[in-house]
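Subject: Structure handover

Hello,

Here is the structure for you to look through. My notes on what turned up follow below it.

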Amino acid sequence: MNLHAYVTALHDLKEDGRLRGLKPRRGADFASNDYLALASAPRMKKALLAGLEAGTPIGAGGSRLLRGNCEEHEHLEAEAARFFKAETALFFGGGYVANFAILTTLPQRGDLLVLDFLVHASIHEGARAGRAEFRVSAHNDPQSVENIIRDWRAKGGMGRVWVVVESLYSMDGDFAPLENLVGIADRYDAFLIVDEAHATGVYGEQGRGLTAPYEGCENLLVVHTCGKALGAAGALVTAPAVLRDFLVNRCRPFIFATAPSPLMALAVREAVLILQQEPGRQQRLANLVTFTHRQMRIRGWQNPSNSQIVPYIVGDNTRAMQIASALQARGFDIRGIRPPTVPAGTARLRISLTLNVAEEDVLAMLDALVEETASQAP
């Protein structure tokens, strides 16, 4: 077998400062999405141990439509629908597959998908693999979305419109203008699909996310990723019952996949209960975010974002990775992010704020960042 093409491609990535590799998790956590520190929470561990002792199987053993449909899945979906104030919920193995599944199943030929420029790769992949046409709108620009819909209608588009956004963007830490987008969806009889991956658990009443004020609307579908602030794995799609039933009957990534672990469904259900019973976690994270942003501004950082996701734009791929490596060597787990994950010329450090660190860790990290940035100036 001739592997030369792969060797060449990897060499080109290395020359461009974009070669990826796996690194262990070491040092203070400024890299994970475990925003509420639930992944290692004692209460989560106790719930899993109790489930094992009660006979909860580790694996489902089949797809949901065969023998893989366990009571843990159904209990979670019922609890999630109640908590998020949606008509129904459906549990998938992860956020990537949930986004891909929705976009390759619900939009039909003759429909139009309008994707925000910065939505997750899973959404772009789902749009490309699906039946509907798709267009890309300018980031966080409702007028761009509306112009695309109007232009499509003017040229004879007759199908359903689906607008797809993230509520909180994972690399810039900025928020979608949801109120405006909900208005557009209503005016044009469109569906709005919102990926709440980085907002579930962190924002909204009891951590219900930024779509909480709109849940229950017939034209809203929401993806609540369970592997970030909820500290587990999987994803919950909340939607009207007819769309859930359609997914169960027509969604190939759901029909032909082994169901998620019943133990993980149990873990997610426990995380949802923690959101309701331990609101102090959400408040402590909000306080840490406010503290960090204030300290960044003191150090001359003009716009540190308004969320727990803070990008430090470096620009050059190699320099971004050098600064990240230097910070890791000093005990701070901060990762460099390069194209194609972010646009060319915007390589960055993605600083993630979680309850796995305290204010003193933040201060030490910021001092180290200032020093390393100065010492590695171009």
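A residue is called buried here when its relative accessible area is under 20%. Exposed means over 50%. Keep in mind that this is a predicted model.

**Helix H3**

With that cut-off, the buried residues of H3 are Glu72, His73, Leu76, Glu77, Glu79, Ala80, Ala81, Phe83 and Phe84. What covers them? Among the elements that do are strands S2 (88–92), S7 (220–225) and S8 (235–239). Helices H8 (241–250) and H10 (262–277) also take part.

The length of H3 checks out. The helix runs over residues 71–84, 14 residues in all. At 1.5 Å a residue it should span 20 Å, and its end C-alpha atoms are 20 Å apart, which agrees. Just after H3 comes lysine 85, with a positive phi of about 60°.

Histidine 73 sits in H3. Is it buried or exposed? Its relative accessible area is 0%, so histidine 73 is buried.

**Helix H4**

H4 covers residues 95–105. Eight of its 11 residues are buried, so the helix is largely enclosed by the rest of the structure. Those residues are Gly95, Ala98, Asn99, Ala101, Ile102, Leu103, Thr104 and Thr105.

**Arginine 25**

Now for a residue on the outside. Arginine 25 has a relative accessible area of 77%, so it counts as exposed. It lies in the loop between helix H1 (4–15) and strand S1 (28–29). Which residues does arginine 25 touch, not counting those up to four places away in sequence? They are Asp333 and Arg335. Arginine 25 and isoleucine 334 are 309 residues apart in sequence, yet 10.0 Å apart in space, C-alpha to C-alpha.

**The whole chain**

The protein chain has 13 helices and 12 strands. Its radius of gyration is 21 Å, close to the 21 Å that the globule rule gives for 378 residues, so the chain is as compact as a globular protein of that length. The C-alpha atoms fill a box of roughly 60 × 60 × 55 Å along the principal axes. Of the 378 residues, 54% count as buried. Contacts with a separation of 6 or more were also sorted by sequence distance: residues 24 or more positions apart account for 72% of them.

**Pockets**

Next, the empty space. Rolling a probe the size of a water molecule over the atoms shows where such space is left.

The largest pocket holds about 720 Å³ of space. Its lining has 24 residues. Arg20, Arg335, Gly336, Ile337 and Arg338 lie nearest the centre. Helix H12 (317–329) and strand S11 (335–337) are the elements that give two or more residues to this lining. H12 gives the largest share, four residues. By class, the lining has seven nonpolar, 10 polar and seven charged residues.

**Cavities**

How many cavities of 30 Å³ or more does the structure hold? There are two.

The largest cavity has a volume of about 60 Å³. Of its 16 lining residues, Asp116, Ser137, Val145, Val165 and Leu181 are the closest to its centre. Strand S3 (112–116), helix H6 (142–154) and strand S5 (161–166) are the elements that give two or more residues. The lining divides into 12 nonpolar, two polar and two charged residues.

The second largest cavity has about 30 Å³ of space. Val182, Leu192, Tyr214, Cys217, Asn219 and Leu220 line it. Five of these are nonpolar, one is polar and none is charged.

Best wishes

Notes
Residues are numbered from 1 along each chain as its sequence is written. This is a predicted model: local features need pLDDT of at least 70, side-chain atom pairs count only at pLDDT 80 or more; totals for chains, interfaces and linings use all residues. Side-chain values use heavy atoms; hydrogens and water are left out. The expected span of a helix is 1.5 Å times one less than its number of residues. Buried means under 20% relative accessible area, exposed over 50%, partly exposed in between (1.4 Å probe, protein chains only). Contact means heavy atoms within 4.5 Å. On a 1 Å grid over the protein atoms alone, a cavity is a set of points where a 1.4 Å probe fits but cannot get out, and a pocket is an open set with protein on both sides within 12 Å along at least five of seven lines; lining residues have an atom within 4 Å of a point. Grid points are joined across faces, edges and corners, and a volume is the space filled by probe spheres set on the points. Ala, Val, Leu, Ile, Met, Phe, Trp, Tyr, Cys and Pro count as nonpolar, Asp, Glu, Lys and Arg as charged, and the others, Gly among them, as polar. The radius of gyration is taken over C-alpha atoms; the globule rule is 2.2 Å times the number of residues to the power 0.38.
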